[in-house]
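Here are my notes on the model, as numbered points. Please read them with the structure open.

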Amino acid sequence: MSKIILGILGGGQLGSMLSVAAKKMDIQTVIYCDDQDAPAKNFCDEFIYAEYDDKKKIYDFAQKVDRITYEFENIPFETLNELNKLKTVLPKPSINRLIQHRLAEKDFVNKLNIRTTRYVYIEQQKDLETLGDFLPGILKTTTMGYDGKGQYPIKNIEQISTLNIDFSKNYILEKLVKLKKEISVIITRFGNNKYEIYEPIENIHKDQILRYSKIPADINDKLFDLSKDWSIKIAEELKYIGTLCVEFFIDRNENLYVNEIAPRVHNSGHLTINAYNVSQFENHVRAVCSLEQIPINKISNAEMMNLIGDQINTYRENTNLSNNQFFFDYLKKEVKEKRKMGHLTTLK
Ligand code: ADP
Ligand code: MG
């Protein structure tokens, strides 16, 4: 059989890690990205720099590859749909369209009788004036948000006029949950009732950005099982192929809520590279390229620390790590505040 060539839209660190996993299985990768300096350029076999709506470049990309996937969700639906006419795109473009819209995503989850935070759709400023019931809350853009971007925490109605909210965009207003913990569940689905699911990961965020992840999550058995059950239900209902992550909130009364779904590999799953026999990245490549499904085994408990902004410098200068520590440098050209520059996984 000739070698498989996998096309990946998006060139961030997730694209890099997918490329590394693919290479291990003798699969070549072509990365398509709108950032000329994208980190995945250092790890893929071929790199295409173009806008996501450049029809000609998109066509050329499709000609070069056998399968197509993506490493972030904010890709125009039209692009995925056009590509899907030329080569199979997985996860399916319709799934990405559903999940990349916070309102559609939350409506979908609720229809499965799975709890989310309370939310309401906001089209214009005056919609906010009668919604004291949802405060304190967080206003979130319906599309294109990540790492807390496009979000406004709102304490009270008086505060709204001082926030300079851009109402050319649509939002949802979400009631703030009194968080005890955040966890995520990563699942790779290969077909009907065929999936590999990782144990729940506990996550700590600061300023809406993920800082630390660890397994095992410090949660009770009921939440351990329920978070996995809900993730399986979501993946099955979507007929999802590939790796998916469900982010959850746990409140002070031990209630579980789905926060959001990521139709892709996820930052909290970086630790699966060292803590499992098969990582979330390898599993994603296996599922989208229709390779063999291998049962996953945990090798070790683990902690992952994101290195944000200039936190990376210490590790770049001092590579003197213990043998249970694994440092990943995303090789981003510029160190920026709040930018994910690398991570460190420690096996426990
Ligand atoms: P993003 O798409 O930027 O990841 P999220 O909706 O996941 O956006 O929000 C980022 C983080 O902000 C969450 O992981 C959580 O820590 C905090 N957060 C968001 N919404 C709420 C909420 N309704 N209640 C409490 N915390 C929240
Ligand atoms: Mg999130």
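1. Start with the open sheet. Four strands make it up, in the order β6-β9-β7-β8, and their pairing is antiparallel. The model is predicted, so local features are reported only at pLDDT of at least 70.

2. Next, the edges. β6 (119–122) and β8 (151–154) are the edge strands, each pairing on one side only. From one strand to the next, the twist averages 20 degrees.

3. Look at one pairing inside the sheet. Strands β7 (residues 137–141) and β9 (residues 171–175) run antiparallel and are joined by 5 bridges. Within this pairing, K140 stands opposite I172 in β9.

4. Which helix packs on the sheet? Helix α5, residues 102–111, does, and touches β6, β7, β8 and β9. The direction of α5 makes about 150 degrees with that of β6.

5. Now turn to E247. This residue lies in strand β14, which spans residues 242–251. E247 is buried, yet has no salt bridge. The nearest side chain of opposite charge belongs to R264, 5.6 Å away.

6. What does the E247 side chain join in a polar contact? The partner is the side chain of H266, at 2.8 Å.

7. Finally, the surroundings of E247. Leaving aside neighbours within four places in sequence, E247 is in contact with I183, S184, Y257, V258, N259, E260 and H266.

Technical notes
Residues are numbered from 1 along each chain as its sequence is written. Chains are lettered from A and ligands numbered from 1 in the order in which they are written. This is a predicted model: local features need pLDDT of at least 70, side-chain atom pairs count only at pLDDT 80 or more; totals for chains, interfaces and linings use all residues. Side-chain values use heavy atoms; hydrogens and water are left out. Helices (H or I, at least four residues) and strands (E, at least two) are DSSP runs, numbered from the N terminus. Buried means under 20% relative accessible area, exposed over 50%, partly exposed in between (1.4 Å probe, protein chains only). Lys and Arg count as positive and Asp and Glu as negative; His and the chain ends are not counted. A salt bridge is a side-chain nitrogen of Lys or Arg within 4 Å of a carboxyl oxygen of Asp or Glu. A polar contact is a pair of N or O atoms within 3.5 Å; within protein, one must be able to donate a hydrogen and the other to accept it, and residues adjacent in sequence count only if both atoms are side-chain atoms. Contact means heavy atoms within 4.5 Å. Two strands pair if DSSP finds at least two bridges between them. Axes are lines fitted to C-alpha atoms, for helices over the stretch in contact, and angles run from 0 to 180 degrees between N-to-C directions.
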